[in-house]
Each structure stands twice: as C-alpha cells, then as structure tokens.
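Welcome! Let's take a friendly walk through a protein model, one topic after another. Have the sequence and the 3D view ready as you read.

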Amino acid sequence: MSEELQRNITVETELEVKLTELKTNHKQQSDSLLEELQNCVTLLGDAYDRYLSEHLPTPAILPVNLTLVLLDKKLRFPDVKLEPRDSITTIQEIISSKMESQDDPIVEFPGDVQYFLIGPFAKHTLYETHQIVHDVLDHGAVHEDITLLPSNSLPVLQFSAKPGSEIVLVGKIKCQSDMPKKCFVATFEKGVEHTQDYYTCTDCGFNWVCKSCMQVCHKEHQTRPYIMNHHPTWACCYCSKKKKCIL
C-alpha cells in the first residue's frame, strides 16, 4: 500500500471518529436541552397553578343566578343573583322588593315559612313542586336534589346552591292584595304621601274611582284608567262621594 493511500485512510478514519464524537456530543446536548425545557414547562405549569389557586375564587364563593318561587301564590322570579354570604333574610328582602315592584307589597312575612332548595336538574311544574314539598313536610319523604333549608342558613355557601336552582318558599305570605279591600277614603292619612290609581266608570258616568272601588264596587262595570300614579292630597274617591261605595 502506498504511503499516500495510507495517509488518506488515516485522515478518513480520523474524520469518522470526529464525526462520531460530534454526533454523540450533539445528542447529549440535545437530550440535556430537552430535559431542561421539560423541567421549565413543568415549573411554569406549577407556577401557573399556584397563581390560579391564589388569585381565582373557587366556585363555592362565586355568586349564582337562580329562581325564587312563591309557591302558594304561583309566582316565579327568575335570574335572581345570590351571593355566597346571602342568607334567608336576604331572600326575604329580595322577595319583598320584587312584590313591591309589582305594586303588591308584602304585609306579613310569617316566621313559619319553609324554604326548599331544588337543584337545577330536579325542576318540576308548580303543581308537582307543591306535591313534593308537602310530601316532605307532612311525611318526611326524601327526594334527591331537594333540600329543606334551615331558616338561618346561607344557601350558596353552606348548601352549594348551583346556577339554575330554585329556592321555593312555602307558607302564608300575606300581600296587600290578600287583605280586605278598602276605599281610599278610609285609608287616607293627612300629611302622608299617597300614590293612587284612579279610574273612570262608564256605567256610572264619573271619574276618580280609586283602585279598590274599581275592583269591588264597579267589578261588573265598564271601567278604564283615568289617572295613574296620582298623589292625592285629600281623601279623594268619587265612588264614596256619589254614594256608590260598598266597601
């Protein structure tokens, strides 16, 4: 073998050795970088989880939207926002405000009213709900996803009320419409601001009929609104003045 050929073989061998070393070093560095990258991703994920746990509220302390139901009156009030710290007393205040806005304020909120939490997947018709709650109250029956709430409870925080749930009030809540009707003449108080709706009775031929008289004294008559949300300064009702009042 010539000396030149021997040198060429030696050079090729050295190159192969160096190339192998380079490949080995590259693989080791690549593996090391990948491992370091994986560790960074893990650390980043752990840090993000810690941030979420420290800065985001848990579902148990978020407000929920639910429906309040006055069962005996067959009334539903949807989309009521209830905060975690809201109590049964808060629910009473919300109901009172809702009835006030319907021009039928609550006169008496008895202490024996019962409160049922019904989960979002256990909804029923008002008739079915009536049957179920009285089954619980009268016979001690147990129904899935239906809870009788203590009168001093926090429905969201203590009983995990979920969005879409219903809180059903069962009891004789008395509103203005449940009370005996009285002519405005009998309820007027001097010095107190009053708001009164007045009507025209076509059959009787006069205006200024108060709402109670329109509903009772002129029940079968043709009536129409005359002045709404009036603020009378005296005991004004022409039904009484015209001797037509039977209240």
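Two strands count as paired if DSSP finds at least two bridges between them. With that in mind, keep in view that this is a predicted model. In it, strand 1 and strand 2 form a hairpin, with 4 residues between them.

**The paired strands**

- Strand 1 and strand 2 run antiparallel and are joined by 6 bridges.
- In the turn of this hairpin, Lys74 has a positive phi of about 55°.
- Strand 1 also pairs with strand 6, this time in the parallel sense, over 4 bridges.
- Val69 is a handy residue to look up: its bridge partner in strand 2 is Arg76, and in strand 6 it stands opposite Val168.

**The nonpolar cores**

- In soluble globular proteins, nonpolar side chains tend to be buried together.
- The largest nonpolar core here has 23 residues, and those that touch the most other members are Leu66, Leu68, Leu82, Ile91, Ile95, Ile167 and Leu169.
- Two or more residues of this core come from each of strand 1 (64-70), strand 2 (75-82), helix 2, strand 4 (114-118) and strand 6 (166-170).
- Helix 2 gives the largest share of this core, with 5 residues.
- Beyond its neighbours within four places in sequence, Leu82 is in contact with Pro63, Val64, Leu66, Ile91, Ile94, Pro155, Val156 and Ile167.
- There is also a second, separate core of 15 residues, with Tyr199, Cys201, Phe206 and Cys237 among them.

**Helix 2 and what follows**

- Does the length of helix 2 agree with expectation, or disagree? Its 14 residues (88-101) should span 20 Å at 1.5 Å a residue, and its end C-alpha atoms are 20 Å apart, which agrees.
- The buried residues of helix 2 include Ile88, Thr90, Ile91, Ile94, Ile95 and Met99.
- To make sense of a pattern like this, recall that an α-helix has 3.6 residues a turn, so residues three or four places apart point the same way.
- Just after helix 2 comes Asp103, in the loop between helix 2 and strand 3 (106-108).

**Positive phi values**

- Most residues other than glycine have a negative phi.
- Asp103 has a positive phi, near 60°, although it is a residue other than glycine.
- Asp79 also has a positive phi, near 55°.
- Asp79 is in strand 2, and with a relative accessibility of 63% it counts as exposed.

**A closer look at Thr129**

- Where is Thr129 placed? You will find Thr129 in helix 3 (residues 126-139).
- Thr129 counts as buried because its relative accessibility is 3%, and the cut-off for buried is under 20%.
- Not counting residues up to four places away in sequence, Thr129 touches Leu71, Ile118, His124 and Val168.

**The largest pocket**

- The volume of the largest pocket is about 780 Å³.
- Its lining has 21 residues, and Gln176, Thr187, Thr195, Gln196 and Ser212 lie nearest the centre of the pocket.
- Helix 5 (184-187), strand 8 (196-201) and helix 6 (211-215) each supply at least two lining residues.
- Helix 6 supplies the largest share of this lining, 3 residues.

Terms used:
Residues numbered from 1 in each chain as written. Predicted model: local features only at pLDDT ≥ 70, side-chain atom pairs only at ≥ 80, totals over all residues. Heavy atoms only, no water. Buried < 20%, exposed > 50% of the residue type's maximum accessible area, 1.4 Å probe, protein only. Contact = heavy atoms within 4.5 Å. Expected span 1.5 Å × (residues − 1). Core = buried A, V, L, I, M, F, W, Y, C linked by side-chain atoms within 4.5 Å. 1 Å grid on protein atoms, 1.4 Å probe; cavity = no way out; pocket = protein on both sides within 12 Å on 5 of 7 lines; lining within 4 Å. Points joined across faces, edges and corners; volume = space filled by probe spheres on them.
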